[in-house]
Amino acid sequence: MIKLGTMSLNIRNTNAAEFARIVYDLGFDVIELHTSAFESTDFGYLRELKMTLMKLGLPLGYIGISNDFGRPVDEHPEQIAAIKKWIDVADFMSCPLVRVFGAYVPDECGDEEALWAPMIAGFQEVAEYGYEKGILVGLQNHNHNNLTRTGGDVLRALRETNRPYFTHILDTGQYAGSPGASGHRGSSHPGYHCYDSMAKTAPHAVYVRAKFYRIDSGIEEWLDYPRILDMLRAVGYNGPLSVIYEGESDPIESMRKAGNYLRSLINS
């Protein structure tokens, strides 16, 4: 059965242990942590955090890494080293998955295609390291001038990386054309089709980040979650759904409403 999770970036400046208690109080099944929520990567701290999560009954679904393979190629070893470090943390924390980004296109870049080969090489190296550790590396689609802004882009990245532990984290709000991520706040971008992108990549997803923007009424107004849930059911998706809130209301109450809404759809 699909489990519901939620991500630490929903509440900025909250550490992992504090956020875990909020997640527990809200009744979610899974927790996801951005690297910024970790106060340390020392083993003593990680041991204590792992015990906290165990006592609260909260599996750690994934660790979110904010890398950028659009940076100059001579900086890629630093990007790769950081991802490997967090793969090691995931291994210690019994977390099966880390999230990575693709390449953000620099303003001065005149040829996006030139960014692909270095990005794929980076993906291959971290995916091979993840395979050795037993940790999946999940590529999250992202708009905002990233190479992985459409479903076709994500499929190309998965195909060209071609590593068994390189997989996909689908973000419902971050494909080009999304009402929340394409500069058309509240309406879809006419030049892109975000639902088509979701349909293309849903069969490859091991995790879904469910974006929420306007949930005050108890029903998300900007994204069509009945349609998205039907899409996921059609491909037999049974992984977690993670509530990611990017609206302007109280985040804790909005997370509660989003969780209740998704549960109602899952159980309908």
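C95 is buried, at 1% relative accessible area. Buried here means under 20% relative accessible area, exposed means over 50%, and partly exposed lies in between, using a 1.4 Å probe and protein chains only. C194 is also buried, at 3%. A search of the whole structure finds zero disulfides, where a disulfide is a pair of cysteine sulfur atoms within 2.5 Å.

This is a predicted model, in which local features need pLDDT of at least 70 and side-chain atom pairs count only at pLDDT 80 or more, while totals for chains, interfaces and linings use all residues. Residues are numbered from 1 along each chain as its sequence is written, and side-chain values use heavy atoms, with hydrogens and water left out.

Now the fold. Eight strands form a closed barrel in the order β1-β2-β3-β4-β5-β6-β7-β8, with parallel pairing. Neighbouring strands of this sheet are turned by 30° against each other on average, direction ignored. Strands (E, at least two residues) and helices (H or I, at least four) are DSSP runs numbered from the N terminus. Two strands pair if DSSP finds at least two bridges between them. Axes are lines fitted to C-alpha atoms, for helices over the stretch in contact, and angles run from 0 to 180 degrees between N-to-C directions.

Take β7. Seven of its eight residues are buried, so the strand is largely enclosed by the rest of the structure. On one pairing, four bridges join β7 to β6, and the two run parallel. There D171 stands opposite R209 in β7. On another, β7 pairs with β8 (residues 241–245) in the parallel sense over five bridges. A210 stands opposite V243 in β8. Helix α5 packs on the sheet and touches β5 (136–140) and β6. The direction of α5 makes about 170° with that of β6.

Return to C194, which belongs to helix α6 (residues 194–201). The buried residues of α6 are C194, Y195, S197, M198 and T201. They cover an arc of only 155° around the axis, which puts them on the same side of α6. That arc is taken from the directions from the helix axis to the C-beta atoms. The general rule is that an α-helix has 3.6 residues a turn, so residues three or four places apart point the same way. What covers the buried residues of α6 includes α5 (151–161), β6 (166–171), β7 (205–212) and α7 (225–234).

Two polar residues follow. H34 lies in strand β2 (residues 30–34). H34 is buried, with a relative accessible area of 9%. Its side chain makes a polar contact with the side chain of S66, at 2.8 Å. A polar contact is a pair of N or O atoms within 3.5 Å; within protein, one must be able to donate a hydrogen and the other to accept it, and residues adjacent in sequence count only if both atoms are side-chain atoms. Not counting residues up to four places away in sequence, H34 touches M7, S8, L9, G64, S66 and R99. Contact means heavy atoms within 4.5 Å.

D216 lies in the loop between β7 and α7. At 44% relative accessibility, D216 counts as partly exposed. Its side chain makes a polar contact with the side chain of S249, at 2.8 Å. Leaving aside neighbours within four places in sequence, D216 is in contact with S249, S254 and K257.
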